[in-house]
Amino acid sequence: MSDFWPCTQPESPSRAALVVIDMQVDFCAPGGWVDQLGEDVSNTRSVIPAVAEALKIARGAGLAVYHTREGHKLDLSDLPANKQWRTRVHGLGIGDEGTAGRILVRGEPGFEIVPEVAALPGETVIDKPGKSSFHATDFDERLKAEGITHLIVIGVTSDCCVQSTFRDGFERGYECVILEDCTAAVETPNHEATMEILKAFGGRWGTVSDLAGFRAAVEALHA
Amino acid sequence: MLKRFASIDATPYSWPFDGRWSADDSALLVLGFQSGMIVALEAQPELAVAARLVSAAQAAGLPVIASRRGRAETLSPVAGRRAAMGAEMGDPLFPPHTPEWELAGALDLPADAPIFDHPGDNAFYSTGLEAWLRQRGIRNLVLAGLPTEGLLHATQRAANDMGFECIAVSDACKGTTDARHAGQLRITAFGNGLFGTVATADQLIAALNVP
């Protein structure tokens with residue numbers, strides 16, 4: 001019995017979905033928001049090859065693939081006042097004009113997924129205003145309509161949107177797995193603390209594995 | 001017009017962000033102070049601090065809301081797996097209506113305090129908590145809970161996405177280890193308050209004790 005899945009393996013590959021969180025220019029590319037703030041994007045950039053590899057495995061095995069993008073409507077009507085205020089303290093807040101367009105606003109260059117891991121035609125992209133992919137989106141309805149029972153969650157950042165989606169997936173009854181070599185945080189100690197918390201007690205909300213574990217689990221589905 | 005409370009010198013910013021909080025628009029959430037969890041985490045000191053907060057909030061006219069984890073009728077298989085991990089896992093689930101599941105009497109909740117029962121760690125998921133808060137115009141939340149990286153943080157994450165302005169009370173929550181407690185609160189405050197702010201009970205109580 002594999003220890004990759006929290007309980008049982010999915011009935012078929014199409015019941016499992018790879019969920020790639022927020023691999024956007026604003027979070028993980030030079031010229032994006034985090035970079036414009038003068039913060040280091042080397043951690044979030046470093047997982048791009050691993051995320052690309054996970055996508056290759058999922059696409060090759062017939063898993064569903066979902067991408068998410070964090071951002072707000074052009075009129076910012078879905079942006080809480082405190083969220084905007086907190087980011088503006090940095091000098092460049094959500095909705096402000098930056099060098100890659102308005103920060104975290106839908107349709108802007110910074111909002112797009114980096115080309116290395118962009119969505120292919122037929123893959124679903126969920127645009128979300130919050131950290132959790134389930135907050136104020138139709139993600140849950142889409143997963144249920146597609147018969148998805150298992151989620152493999154990767155992308156950025158581990159301490160923020162990846163963790164929120166993983167926890168909320170658990171609440172809703174999905175078997176959730178994080179691949180720890182396919183996710184990162186801006187600050188390494190926060191990534192490490194997140195992984196330790198998620199792994200504790202064998203994984204309270206789901207399991208933590210890696211790319212090699214994912215490959216083996218997918219091969220077992222086809223065996 | 002209710003009197004505004006003083007802002008709190010929280011980590012990482014003066015809370016609330018716009019300086020507006022009163023008994024009219026703020027509430028105290030006391031999450032998962034259940035008898036079995038207090039024993040499992042040896043959280044008697046945190047329970048005593050939470051009880052002081054409850055008393056101060058009540059005196060100041062702030063609504064106090066409690067939550068309990070464990071609602072068997074909604075246990076999914078994946079939650080069932082967790083229940084099967086048992087008490088030795090350090091963050092145990094207790095069967096509903098057992099003595100371990102009950103809230104600690106020492107909290108001394110107001111008689112009219114609403115109690116929300118939730119299946120997992122997030123007190124908002126599949127409960128009426130958000131509606132209860134919105135109906136009363138509440139926008140600021142003071143949070144205490146067990147464990148820090150469980151109920152407290154899961155609920156604060158959800159509240160934050162909903163736009164509530166949150167403050168976690170660091171000595172009225174406890175993690176399954178000190179490192180997890182500290183790590184989760186550091187992530188809370190990261191990036192000028194990714195999930196809100198953190199302060200001590202003494203800071204909150206001083207602000208609530210308006211003469």
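Colleague: Which residues in H8(A) do Ser158(A), Asp159(A) and Gln163(A) in H7(A) meet?

Modeller: This is a predicted model: local features need pLDDT of at least 70, side-chain atom pairs count only at pLDDT 80 or more, and totals for chains, interfaces and linings use all residues. Residues are numbered from 1 along each chain as its sequence is written, while chains are lettered from A and ligands numbered from 1 in the order in which they are written. Helices (H or I, at least four residues) and strands (E, at least two) are DSSP runs, numbered from the N terminus, and contact requires C-beta atoms, placed from the backbone, within 7 Å. Those three residues of H7(A) meet Asn190(A), His191(A), Thr194(A) and Met195(A).

Colleague: Is H7(A) roughly parallel or antiparallel to H8(A)?

Modeller: Their axes are 10 Å apart, at an angle of about 25°. Axes are lines fitted to C-alpha atoms, for helices over the stretch in contact, with angles from 0 to 180 degrees between N-to-C directions. Under 35 degrees counts as roughly parallel, over 145 as roughly antiparallel, 65 to 115 as roughly perpendicular and the rest as oblique. H7(A) and H8(A) are therefore roughly parallel.

Colleague: Which residues of H6(B) make the contact with H8(A)?

Modeller: The crossing is left-handed, meaning that the near helix is turned anticlockwise from the far one by less than a right angle (clockwise would be right-handed). H8(A) brings Asn190(A), Ala193(A), Thr194(A), Glu196(A) and Ile197(A). H6(B) brings Arg180(B), Gly183(B), Gln184(B), Arg186(B), Ile187(B) and Phe190(B).

Colleague: Which strands stand at the edges of the six-stranded sheet in chain B?

Modeller: The sheet is open and parallel, in the order E5-E4-E3-E6-E7-E8. Strands pair if DSSP finds at least two bridges between them. A single partner strand leaves one side of an edge strand without a neighbour in the sheet, so the edges are E5 (115-118) and E8 (197-199) of chain B.

Colleague: What is the bridge partner of Ala66(B) in E5(B)?

Modeller: E4(B), residues 64-69, runs parallel to E5(B). Four bridges join the two strands. Ala66(B) is bridged to Ile115(B).

Colleague: At what angle does H2(B) run to E7(B)?

Modeller: H2(B) covers residues 44-60. It lies across E3, E4, E6 and E7 of chain B. Its angle to E7(B) is about 135°.

Colleague: What radius of gyration does chain B have?

Modeller: The radius is taken over C-alpha atoms, and the globule rule is 2.2 Å times the number of residues to the power 0.38. For 211 residues, a compact globule would be near 17 Å. Chain B agrees with that, at 16 Å.

Key. Two residues are in contact if their C-beta atoms, placed from the backbone, lie within 7 Å.
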